[in-house]
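Trainee: I have a structure to read and would like to learn how to go through it feature by feature. Could we look at it together?

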Amino acid sequence: MSTGAKEVNRYRGILGALLLVGMTGWFLLDPGVQGALQSANAAGEMSQDQLDQRIHDYILAHPEVLVQALQSLDQRQREAEAAQAKAVLKARADDIFHDRQSPVGGNAQGSVTLVEFFDYNCPYCRQMAPIMDQAVADDPQLRIVYKEFPILGPDSMFAAKAALAADKQGKYTAFHKALLGSRTRVTEAVVLKIAAEAGLDVERMKTDMQQPDIQALIDRNVELAQALRITGTPGFVAGDQIFPGATDLATLKKLIEQAKSGK
(Lines give C-alpha, C1' and ligand atoms only; values in the text may rest on other atoms or scores of the structure.)
Protein backbone atom coordinates (compact mmCIF):
# COMPACT_ATOMS: atom_id res chain seq x y z
CA MET A 1 0.00 0.00 0.00
CA SER A 2 1.37 3.45 -0.89
CA THR A 3 2.07 6.13 1.72
CA GLY A 4 -0.75 8.23 0.25
CA ALA A 5 -3.25 5.41 0.56
CA LYS A 6 -2.16 4.74 4.14
CA GLU A 7 -2.69 8.40 5.02
CA VAL A 8 -6.17 8.35 3.46
CA ASN A 9 -7.07 5.25 5.46
CA ARG A 10 -5.63 6.81 8.61
CA TYR A 11 -7.69 9.95 8.02
CA ARG A 12 -10.83 7.89 7.51
CA GLY A 13 -10.07 5.94 10.67
CA ILE A 14 -9.62 9.13 12.67
CA LEU A 15 -12.90 10.51 11.41
CA GLY A 16 -14.65 7.26 12.30
CA ALA A 17 -13.14 7.25 15.76
CA LEU A 18 -14.07 10.87 16.36
CA LEU A 19 -17.62 10.24 15.19
CA LEU A 20 -17.97 7.26 17.50
CA VAL A 21 -16.51 9.03 20.52
CA GLY A 22 -18.42 12.21 19.86
CA MET A 23 -21.76 10.45 19.49
CA THR A 24 -21.15 8.29 22.55
CA GLY A 25 -20.46 11.33 24.70
CA TRP A 26 -23.43 13.15 23.23
CA PHE A 27 -25.79 10.28 24.06
CA LEU A 28 -24.50 10.15 27.63
CA LEU A 29 -24.86 13.88 28.16
CA ASP A 30 -28.14 14.38 26.32
CA PRO A 31 -30.78 11.88 27.54
CA GLY A 32 -33.48 13.61 25.52
CA VAL A 33 -31.68 13.01 22.26
CA GLN A 34 -30.81 9.47 23.33
CA GLY A 35 -34.46 8.71 23.92
CA ALA A 36 -35.44 10.21 20.60
CA LEU A 37 -32.90 8.17 18.69
CA GLN A 38 -34.08 5.01 20.39
CA SER A 39 -37.59 5.52 19.13
CA ALA A 40 -38.76 3.84 15.97
CA ASN A 41 -38.95 7.08 13.99
CA ALA A 42 -35.74 8.68 15.31
CA ALA A 43 -33.81 8.24 12.08
CA GLY A 44 -36.25 10.41 10.20
CA GLU A 45 -36.55 13.17 12.80
CA MET A 46 -33.04 14.58 12.51
CA SER A 47 -31.32 15.65 9.30
CA GLN A 48 -27.70 14.81 8.56
CA ASP A 49 -26.82 18.50 8.90
CA GLN A 50 -28.36 18.60 12.37
CA LEU A 51 -26.53 15.44 13.36
CA ASP A 52 -23.23 16.83 12.07
CA GLN A 53 -23.80 20.07 13.95
CA ARG A 54 -24.50 18.29 17.24
CA ILE A 55 -21.31 16.24 16.88
CA HIS A 56 -19.37 19.38 15.93
CA ASP A 57 -20.68 21.24 18.97
CA TYR A 58 -19.91 18.35 21.30
CA ILE A 59 -16.30 18.09 20.12
CA LEU A 60 -15.81 21.84 20.54
CA ALA A 61 -17.18 21.61 24.06
CA HIS A 62 -15.08 18.51 24.86
CA PRO A 63 -11.82 18.75 22.86
CA GLU A 64 -10.25 16.05 25.02
CA VAL A 65 -12.15 13.46 22.98
CA LEU A 66 -9.82 14.28 20.08
CA VAL A 67 -6.79 13.19 22.08
CA GLN A 68 -8.58 10.12 23.40
CA ALA A 69 -9.71 9.11 19.92
CA LEU A 70 -6.25 9.56 18.40
CA GLN A 71 -4.62 7.60 21.21
CA SER A 72 -7.13 4.79 20.82
CA LEU A 73 -6.68 4.72 17.05
CA ASP A 74 -2.88 4.73 17.26
CA GLN A 75 -2.96 1.90 19.79
CA ARG A 76 -5.20 -0.20 17.55
CA GLN A 77 -2.95 0.49 14.56
CA ARG A 78 0.18 -0.49 16.48
CA GLU A 79 -1.45 -3.70 17.64
CA ALA A 80 -2.62 -4.52 14.11
CA GLU A 81 0.83 -3.83 12.64
CA ALA A 82 2.52 -5.94 15.32
CA ALA A 83 0.15 -8.81 14.59
CA GLN A 84 0.83 -8.51 10.86
CA ALA A 85 4.60 -8.48 11.46
CA LYS A 86 4.35 -11.61 13.63
CA ALA A 87 2.40 -13.34 10.87
CA VAL A 88 5.11 -12.40 8.35
CA LEU A 89 7.80 -13.67 10.72
CA LYS A 90 6.10 -17.04 10.97
CA ALA A 91 5.35 -17.35 7.26
CA ARG A 92 8.80 -16.26 6.11
CA ALA A 93 11.02 -17.83 8.74
CA ASP A 94 13.29 -19.40 6.10
CA ASP A 95 13.90 -16.02 4.44
CA ILE A 96 14.66 -14.44 7.79
CA PHE A 97 16.80 -17.09 9.44
CA HIS A 98 18.10 -19.30 6.62
CA ASP A 99 18.66 -17.24 3.47
CA ARG A 100 21.70 -18.94 1.97
CA GLN A 101 23.16 -15.68 0.71
CA SER A 102 22.93 -13.82 4.01
CA PRO A 103 26.32 -13.74 5.77
CA VAL A 104 26.49 -15.64 9.06
CA GLY A 105 28.64 -14.93 12.12
CA GLY A 106 29.12 -16.45 15.55
CA ASN A 107 28.58 -20.21 15.56
CA ALA A 108 27.23 -21.05 12.09
CA GLN A 109 25.79 -24.28 13.53
CA GLY A 110 24.51 -22.67 16.71
CA SER A 111 21.20 -23.60 18.30
CA VAL A 112 19.83 -20.05 18.53
CA THR A 113 19.82 -17.36 15.84
CA LEU A 114 19.86 -13.60 16.17
CA VAL A 115 19.13 -11.64 12.99
CA GLU A 116 20.34 -8.04 12.66
CA PHE A 117 19.20 -5.48 10.09
CA PHE A 118 21.78 -2.69 10.01
CA ASP A 119 23.39 0.19 8.10
CA TYR A 120 27.12 0.91 8.28
CA ASN A 121 26.48 4.64 8.67
CA CYS A 122 23.99 4.20 11.51
CA PRO A 123 25.55 5.44 14.78
CA TYR A 124 23.34 3.11 16.80
CA CYS A 125 24.54 0.12 14.78
CA ARG A 126 28.10 1.14 15.62
CA GLN A 127 27.06 1.41 19.25
CA MET A 128 25.71 -2.14 19.06
CA ALA A 129 28.84 -3.64 17.45
CA PRO A 130 30.81 -4.31 20.68
CA ILE A 131 27.61 -5.48 22.37
CA MET A 132 27.05 -7.98 19.57
CA ASP A 133 30.66 -9.15 19.89
CA GLN A 134 30.21 -9.66 23.64
CA ALA A 135 26.98 -11.59 23.12
CA VAL A 136 28.78 -13.94 20.73
CA ALA A 137 31.71 -14.33 23.14
CA ASP A 138 29.35 -15.15 26.03
CA ASP A 139 27.22 -17.68 24.13
CA PRO A 140 28.99 -20.37 22.07
CA GLN A 141 25.62 -21.43 20.63
CA LEU A 142 24.75 -18.01 19.22
CA ARG A 143 24.40 -17.75 15.45
CA ILE A 144 24.22 -14.28 13.86
CA VAL A 145 22.53 -13.59 10.52
CA TYR A 146 23.55 -10.26 9.01
CA LYS A 147 20.95 -8.43 6.93
CA GLU A 148 22.45 -5.54 4.98
CA PHE A 149 19.81 -2.79 5.15
CA PRO A 150 21.39 0.35 3.63
CA ILE A 151 18.81 3.08 4.20
CA LEU A 152 21.08 6.06 4.84
CA GLY A 153 22.03 6.99 1.30
CA PRO A 154 24.39 6.01 -1.53
CA ASP A 155 27.43 5.67 0.75
CA SER A 156 25.60 3.06 2.80
CA MET A 157 24.55 1.21 -0.35
CA PHE A 158 28.16 1.14 -1.59
CA ALA A 159 29.34 -0.19 1.77
CA ALA A 160 26.65 -2.89 1.84
CA LYS A 161 27.55 -4.10 -1.64
CA ALA A 162 31.25 -4.08 -0.76
CA ALA A 163 30.61 -6.16 2.37
CA LEU A 164 28.60 -8.73 0.43
CA ALA A 165 31.36 -8.82 -2.19
CA ALA A 166 33.87 -9.41 0.63
CA ASP A 167 31.78 -12.40 1.65
CA LYS A 168 32.61 -13.95 -1.74
CA GLN A 169 36.26 -13.79 -0.64
CA GLY A 170 35.51 -15.36 2.74
CA LYS A 171 36.29 -12.16 4.63
CA TYR A 172 32.88 -10.78 5.50
CA THR A 173 33.12 -10.80 9.29
CA ALA A 174 36.45 -8.98 9.53
CA PHE A 175 35.42 -6.42 6.94
CA HIS A 176 32.00 -5.96 8.57
CA LYS A 177 33.58 -5.24 11.95
CA ALA A 178 36.11 -2.85 10.41
CA LEU A 179 33.37 -0.87 8.68
CA LEU A 180 31.34 -0.58 11.88
CA GLY A 181 34.50 0.43 13.71
CA SER A 182 35.05 3.44 11.47
CA ARG A 183 35.04 6.75 13.33
CA THR A 184 34.01 8.69 10.24
CA ARG A 185 31.18 8.39 7.76
CA VAL A 186 31.68 5.29 5.66
CA THR A 187 32.10 6.81 2.21
CA GLU A 188 33.28 5.06 -0.95
CA ALA A 189 36.86 6.16 -0.25
CA VAL A 190 36.70 4.88 3.33
CA VAL A 191 35.28 1.54 2.17
CA LEU A 192 38.06 1.02 -0.35
CA LYS A 193 40.72 1.98 2.20
CA ILE A 194 39.33 -0.44 4.80
CA ALA A 195 39.04 -3.17 2.18
CA ALA A 196 42.73 -2.84 1.30
CA GLU A 197 43.71 -2.84 4.98
CA ALA A 198 41.61 -5.99 5.52
CA GLY A 199 43.56 -7.81 2.82
CA LEU A 200 40.76 -7.97 0.28
CA ASP A 201 41.38 -8.15 -3.45
CA VAL A 202 39.91 -4.71 -4.03
CA GLU A 203 39.62 -5.01 -7.80
CA ARG A 204 37.80 -8.30 -7.49
CA MET A 205 35.57 -6.75 -4.84
CA LYS A 206 34.65 -3.90 -7.18
CA THR A 207 33.72 -6.39 -9.89
CA ASP A 208 31.72 -8.61 -7.55
CA MET A 209 29.81 -5.62 -6.23
CA GLN A 210 28.18 -5.29 -9.65
CA GLN A 211 26.86 -8.84 -9.65
CA PRO A 212 23.04 -8.96 -9.79
CA ASP A 213 22.82 -11.44 -6.89
CA ILE A 214 24.20 -8.79 -4.52
CA GLN A 215 21.61 -6.19 -5.47
CA ALA A 216 18.93 -8.88 -5.36
CA LEU A 217 19.90 -9.81 -1.79
CA ILE A 218 19.78 -6.19 -0.64
CA ASP A 219 16.39 -5.77 -2.31
CA ARG A 220 15.12 -8.86 -0.48
CA ASN A 221 16.42 -7.51 2.82
CA VAL A 222 14.69 -4.17 2.30
CA GLU A 223 11.41 -5.83 1.36
CA LEU A 224 11.66 -8.19 4.31
CA ALA A 225 12.38 -5.38 6.76
CA GLN A 226 9.35 -3.48 5.50
CA ALA A 227 7.17 -6.58 5.88
CA LEU A 228 8.42 -6.98 9.46
CA ARG A 229 7.72 -3.28 10.16
CA ILE A 230 11.43 -2.61 10.73
CA THR A 231 11.75 0.96 9.55
CA GLY A 232 15.08 1.96 11.08
CA THR A 233 18.39 0.52 12.14
CA PRO A 234 19.36 -1.52 13.95
CA GLY A 235 16.51 -4.01 14.04
CA PHE A 236 16.70 -7.49 15.56
CA VAL A 237 14.75 -10.70 15.18
CA ALA A 238 15.11 -13.72 17.47
CA GLY A 239 12.64 -16.57 17.83
CA ASP A 240 9.21 -15.01 17.39
CA GLN A 241 10.29 -11.58 18.64
CA ILE A 242 11.00 -8.43 16.61
CA PHE A 243 13.03 -5.85 18.50
CA PRO A 244 13.57 -2.41 16.91
CA GLY A 245 16.43 -0.15 17.93
CA ALA A 246 19.65 -0.32 19.90
CA THR A 247 19.70 -1.83 23.36
CA ASP A 248 22.05 -2.93 26.11
CA LEU A 249 23.75 -6.32 26.54
CA ALA A 250 21.36 -7.52 29.24
CA THR A 251 18.28 -6.86 27.10
CA LEU A 252 19.89 -8.46 24.07
CA LYS A 253 20.73 -11.56 26.09
CA LYS A 254 17.17 -11.72 27.38
CA LEU A 255 15.90 -11.64 23.79
CA ILE A 256 18.27 -14.51 22.93
CA GLU A 257 17.23 -16.55 25.97
CA GLN A 258 13.56 -16.10 25.10
CA ALA A 259 14.31 -17.41 21.61
CA LYS A 260 16.03 -20.43 23.13
CA SER A 261 13.10 -21.25 25.38
CA GLY A 262 10.50 -20.54 22.73
CA LYS A 263 8.81 -17.84 24.82
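Trainee: Where is the place of Pro 234?

Mentor: Before the answer, please keep in mind that this is a predicted model. Pro 234 has its place in the loop between helix 12, which covers 212-227, and strand 4, which covers 235-238. The peptide bond that joins Thr 233 and Pro 234 is cis, with omega at about -10°.

Trainee: How many helices and strands does the protein chain have?

Mentor: Its secondary structure comes to 13 helices and five strands. Of the 263 residues in the protein chain, buried residues make up 38%. As for contacts, if we take those between residues at least 6 apart in sequence, 77% of them join residues at least 24 apart.

Trainee: How should I read the packing of two helices, and at what angle do helix 8 and helix 10 pack?

Mentor: The general idea is to look at the angle between the axes, where a value under 35 degrees counts as roughly parallel and one over 145 as roughly antiparallel. Helix 8, residues 154-167, and helix 10, residues 188-197, pack at an angle of about 20°, and their axes are 9 Å apart. Helix 8 and helix 10 are therefore roughly parallel to each other, and helix 8 passes helix 10 in a right-handed crossing.

Trainee: Which residues in helix 8 and helix 10 meet?

Mentor: From helix 8 there are Asp 155, Phe 158, Ala 159 and Ala 162, and they meet Glu 188, Val 191 and Leu 192 in helix 10. By class, the residues of this contact of helix 8 with helix 10 divide into five nonpolar, no polar and two charged.

Trainee: At roughly what angle do the axes of helix 8 and helix 9 cross?

Mentor: The axes of helix 8 and helix 9, residues 172-180, cross at roughly 155° and come within 8 Å. That makes helix 8 roughly antiparallel to helix 9. On the side of helix 8, Ala 159, Ala 162, Ala 163, Leu 164, Ala 166 and Asp 167 meet Tyr 172, Phe 175 and Leu 179 in helix 9, and the residues of this contact of helix 8 with helix 9 are eight nonpolar, no polar and one charged. Ala 159 and Ala 162 in helix 8 also meet residues in helix 10.

Trainee: Is His 176 buried or exposed?

Mentor: His 176, which has its place in helix 9, is buried, with a relative accessible area of 3%. Leaving aside neighbours within four places in sequence, His 176 is in contact with Phe 118, Tyr 120 and Tyr 146.

Trainee: How many aromatic pairs are there?

Mentor: The idea is to look for rings whose centres lie within 6.5 Å, and by this rule the count comes to four aromatic pairs. One of them is formed by Phe 118 and Tyr 146, edge-to-face, with 6.2 Å centre to centre and 90° between the planes. This pair links distant parts of the chain, with Phe 118 in strand 2 (residues 112-118) and Tyr 146 in strand 3 (residues 142-148), 28 residues apart. Phe 118 counts as buried at 1% relative accessibility, and Tyr 146 is buried with a relative accessible area of 8%. Tyr 146 also forms an aromatic pair with Tyr 172, and this one is tilted, at 5.5 Å centre to centre and 45° between the planes. Tyr 146 lies in strand 3 and Tyr 172 in helix 9, so the pair ties together parts that are 26 residues apart in sequence.

Trainee: Which residues do ring pairs link into a cluster?

Mentor: The cluster linked by ring pairs consists of Phe 118, Tyr 120, Tyr 146 and Tyr 172. Tyr 172 is buried, with a relative accessible area of 3%.

Note on methods:
Residues numbered from 1 in each chain as written. Predicted model: local features only at pLDDT ≥ 70, side-chain atom pairs only at ≥ 80, totals over all residues. Heavy atoms only, no water. Axes fitted to C-alpha atoms, helices over the stretch in contact; angles between N-to-C directions. Helix = DSSP H or I, 4+ residues; strand = E, 2+ residues; numbered from the N terminus. Parallel < 35°, antiparallel > 145°, perpendicular 65-115°, else oblique. Left-handed = near helix turned anticlockwise from the far one by under 90°. Contact = heavy atoms within 4.5 Å. Nonpolar A, V, L, I, M, F, W, Y, C, P; charged D, E, K, R; others polar. Buried < 20%, exposed > 50% of the residue type's maximum accessible area, 1.4 Å probe, protein only. Phe/Tyr/Trp six-rings, centres within 6.5 Å; stacked < 30°, edge-to-face > 60°.
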